[in-house]
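Here is a short report on a structure. Keep the sequence and the 3D view open while you read.

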Amino acid sequence: MAHILETKSLSVSFGEHDVIKDVNLEIERGKLTSIIGPNGAGKTTLFNLLSGQIAPTKGEIYFKGSNITKLSVPLRARRGIGRSFQLTNIFPELTVLENIRLAIQSSSKDYYSILPSLTNMNHQQDEAKAAIEGCMLSGKEEVLAKDLAHGEKRKLELAMLLALKTELLLLDEPTAGISVEEIPAILEVIENIKREGMYTIVLIEHKMEMVMHLSDTLVVLFNGELLASGNPKEIIKDNRVQTAYLGGLHRESIKTG
Amino acid sequence: MRGVFSKVPLYWGLAILLFMLMFPFVNDTRSTLILLTQIFIFAIFAMSFDILLGYTGIVSFGHCMFFGIGAYSTAIIFNKLDATMPNFLIGLLIGIFLSALVSYLIGLLSLRLKSHFYAMLTLAVSQLFLVLAEKWRGLTHGGDGFTFSVPDIFKDRTSFYYITLISMAIVFILLKLITELSTGRVLKAISQNEDRAEALGYKTLHYKLIASVTAGVAASFSGALYAISLRFINTNVFSIEVTLDALLMTMIGGLGTLAGAIAGAGIIEFLRHYLSELAMTYPIFERWTIILGILYIVVLLGFPSGLAGVIKRLTLRNGRKGRKNREAGRAA
C-alpha cells in the first residue's frame with residue numbers, strides 16, 4: 001500500500017465557518033510532504049484533525065488502511081502518529097531527561113506499571129540519554145525544560161517526537177520563532193530523519209527555501225480547500241497556486257529553490 | 001535507578017524514622033504521644049491529598065468524604081460487632097473498598113472533562129455523605145455520633161503510636177514509589193501539560209483515575225486510624241474543615257512533595273495544639289483558627305512552593321556557594 005495516510009472528503013466547521021472543506025489528502029509512505037498555504041488556510045486545523053485533537057464534522061481518516069476517524073489522541077499516537085506543535089509543547093517543570101523519558105516510556109509500551117522492573121527503568125534511562133545526544137542537547141539532561149533557550153526547546157520537542165518512534169511525523173512549523181542562525185541545525189535534524197527512511201513526514205512550513213529543499217510532494221491549502229498537490233517544482237508553477245498563495249511575492253526564492 | 005533514589009534524601013528519612021521510633025523511650029507523656037499520633041494520621045491524609053493536587057493537578061473540595069468513609073466503616077463495625085483485630089481488618093477493607101468505588105465513579109464522571117468538575121462533584125458528593133451520616137441514625141446515631149471500644153492494642157497509647165508511625169512510613173514509601181516511577185512521571189506530566197501527554201500516547205483519564213483511587217484509598221485508611229484514635233465518631237469527619245486541613249497541610253509543606261505533606265501535618269497539628277493551650281492564658285488565642293488563616297495567606301503570598309520550596313532554595317544556594325568556594329580554592 002503506497003499511502004500511509006488518507007483523508008476522504010474531510011471537513012470541519014466551527015459554527016458557521018468552514019475551516020476545512022472536503023479535503024482528500026494522500027500521504028505517500030516514506031516521503032516528505034509539505035503543506036503550504038497562507039495564514040488561516042487551515043494547515044494547523046488539518047493537523048489537529050489528523051492527530052485527533054479535534055473531531056471532523058464530515059469525512060474519514062485512514063491510517064495504514066484502517067479507519068481512525070473515531071480514535072482518541074493517545075490511541076492514534078500508539079498506532080504511530082506523532083506530532084509536534086507550532087507553539088513549543090513540552091513539560092516545562094520536568095528536566096530534559098524526564099521529558100524524553102516520558103516519550104520513551106510510551107514507545108516501550110510501559111503505560112501502567114506502578115512498580116516497574118529496575119532493568120526496564122535503567123534501559124529507558126539509557127535510551128533517553130542516547131536520544132539527548134542525538135539531538136545535540138548533551139550536558140543539559142538535568143536542566144528544567146522551561147529554562148532552555150527557545151531553539152533548544154524546539155530540539156527537545158523533536159527529540160521527544162523521535163523517541164516516540166512513530167512511523168508518521170507531523171511537524172507543525174518546526175522553525176517557528178527560531179532565529180536565522182539556528183535554522184540550519186533544525187534543518188539538519190529533519191534531513192537526518194528523512195535520510196534514515198524509516199519515517200513518513202508531513203511538514204507545515206512557511207520558509208519556501210526549506211520547503212523546496214526538503215519536499216518530495218507539495219500540498220497547497222487555501223481557505224480550507226486542497227488547491228493542488230504533487231511534484232513541488234510543478235506545483236509552484238501552477239497559476240492558481242501563484243495567485244492564491246504566492247502572489248508573486250515569493251517568485252525570487254522559488255527560482256533559487 | 002540511582003537517579004531515582006538519589007533524589008530522595010533517604011538517610012534523612014531513615015534518621016527521622018529512627019528518632020520517632022526511639023521517641024517514646026525519651027518522652028512518654030500522654031499528651032505528646034497523642035499529639036504525635038494525630039500528626040501521623042493527618043500526615044497520611046495530607047499525603048493522599050497531595051497525590052491529587054500536588055502530583056496530578058486535580059482539585060478536590062470533598063476529600064473529607066474518603067476520610068469519613070474510612071472512619072465510619074471502622075467505627076460502625078466496632079460498634080455493631082466485637083472490638084477484635086479481624087473486625088478491624090473487615091472495617092478497614094470495607095472503607096477502602098467503598099472509597100475506591102466512590103473515587104472511581106466520581107473520577108469516571110468528571111475527570112474526562114479538563115476542568116473543575118471534579119472539585120464540584122467531590123464537594124457535592126461529600127455533602128451527600130454528610131447528610132447520609134446525619135439521617136441514617138440507626139447506623140450512625142446522627143450528628144451526636146457514638147463511642148465504641150477498640151482492640152486493646154489500639155488502646156495502649158504507645159503501641160498505637162507505633163502502629164500509626166509505621167503505617168505512615170509504609171504509606172509514604174508506597175506513594176513515593178508510585179510517584180517517582182513510571183506512573184508517577186506520567187501524573188506529573190499530566191499536571192503540567194495534559195494535551196502533550198495525550199499526544200505522547202498516554203490515556204490521561206486512566207492516570208487521573210489511578211490518582212483519584214489511590215488518594216481515596218489512602219484517605220480512607222487515615223480516616224479509620226483517626227476514628228480509632230478518638231474511639232468516638234460524629235459527622236464532623238465529613239465537614240469541609242477536614243478537606244481544608246488537608247489543603248492547608250499540603251500547601252504549607254509544599255505541593256508535590258510527600259515529605260512536605262508530613263511536615264505540613266506536623267506544623268498544623270502542633271500549632272493547633274499549642275495555640276489552643278495558649279488560649280488558657282491569653283484569651284486572644286481562643287481564635288487560633290484566625291492565626292492559621294493568616295499563616296495560610298502568608299504562605300500563599302510569600303512561599304507558594306511551601307516549606308519544601310524554601311528548603312530546596314536554601315540547599316541550592318548552599319550548593320552553589322560550595323561549588324564556588326571549591327572553584328575559588330582550586331583557582332588559588
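Strands S10(A) and S11(A) form a hairpin, with two residues between them. In the turn, A:Asn223 has a positive phi of about 50°. The model is a predicted one.

S10 covers residues 217-222 of chain A, and S11 covers residues 225-230. The two strands pair in the antiparallel sense, over five bridges. A:Leu218 stands opposite A:Gly230 of S11(A).

## A second hairpin and its neighbour

S5(A) also takes part in a hairpin, this time with S6(A), and there are two residues between the strands. S5 runs over residues 58-63 of chain A, and S6 over residues 66-67. Their pairing is antiparallel, with two bridges. A:Phe63 faces A:Ser66 in S6(A) as its opposite residue.

S5(A) has another partner. Strand S1 (residues 3-14) of chain A runs antiparallel to S5(A), and five bridges join them. Look for A:Lys8: its bridge partner in S5(A) is A:Glu60.

## Two lysines with positive phi

Where is A:Lys64 placed? A:Lys64 sits in the loop between S5 and S6 of chain A. Its phi is near 50°, a positive value in a residue other than glycine. A:Lys64 has 16 other C-beta atoms within 10 Å, so A:Lys64 is partly exposed.

A:Lys165 is found in the loop between H5 and strand S8 (168-172) of chain A. Phi of A:Lys165 is positive too, near 55°, and the residue is not glycine. A:Lys165 has 15 other C-beta atoms within 10 Å, so A:Lys165 is partly exposed.

## Helix H3 of chain A

H3(A) is mostly covered, with 12 of its 12 residues buried. Among them are A:Val96, A:Leu97, A:Ile100 and A:Ile104.

The length of H3(A) can be checked. At 1.5 Å a residue, its 12 residues should span 16 Å. The end C-alpha atoms are 17 Å apart, so the two values agree. Just after H3(A), A:Lys109 takes a positive phi of about 60°.

## Where the chains touch

In all, 30 residues of chain A are in contact with 20 residues of chain B. Which helices of chain A give two or more residues to this side? They are H2 (73-79), H3 (96-107) and H4 (118-134). H3(A) gives the largest share, six residues. By type, the chain A side divides into 17 nonpolar, seven polar and six charged residues.

Helix H5 of chain B covers residues 85-110. At 1.5 Å a residue, its 26 residues should span 38 Å. The end C-alpha atoms lie 37 Å apart, so this agrees.

Buried residues of H5(B) include B:Gly91, B:Leu92, B:Gly95, B:Ile96 and B:Ser99. Further along, B:Val102, B:Ser103 and B:Ile106 are among those buried. The buried residues pack against helix H4 (64-80), helix H6 (117-135) and helix H12 (204-230) of chain B.

## Two domains in chain A

The domain assignment gives chain A a domain 1 (1-80 + 166-257) and a domain 2 (91-165). Their centres, taken over C-alpha atoms, are separated by 26 Å. The contact takes 11 residues from domain 1 and nine from domain 2.

Helix H6 (residues 183-196) gives the most to the domain 1 side, with three residues. That side divides into seven nonpolar residues, three polar and one charged.

The mean pLDDT of chain A is 81, and 92% of its residues reach 70 or more. Over residues 248-257 of chain A, the pLDDT is below 50. Beyond near neighbours in sequence, this stretch has 10 contacts in the model. Where pLDDT is low, predicted coordinates should not be read in detail.

Note on methods
Residues numbered from 1 in each chain as written. Chains lettered and ligands numbered in written order. Predicted model: local features only at pLDDT ≥ 70, side-chain atom pairs only at ≥ 80, totals over all residues. Contact = placed C-beta atoms within 7 Å. Helix = DSSP H or I, 4+ residues; strand = E, 2+ residues; numbered from the N terminus. Nonpolar A, V, L, I, M, F, W, Y, C, P; charged D, E, K, R; others polar. Domains from an automatic or database assignment. pLDDT = per-residue confidence, 0-100. Pairing = 2+ DSSP bridges. Expected span 1.5 Å × (residues − 1). Buried ≥ 20, exposed ≤ 12 C-beta atoms within 10 Å, placed from the backbone.
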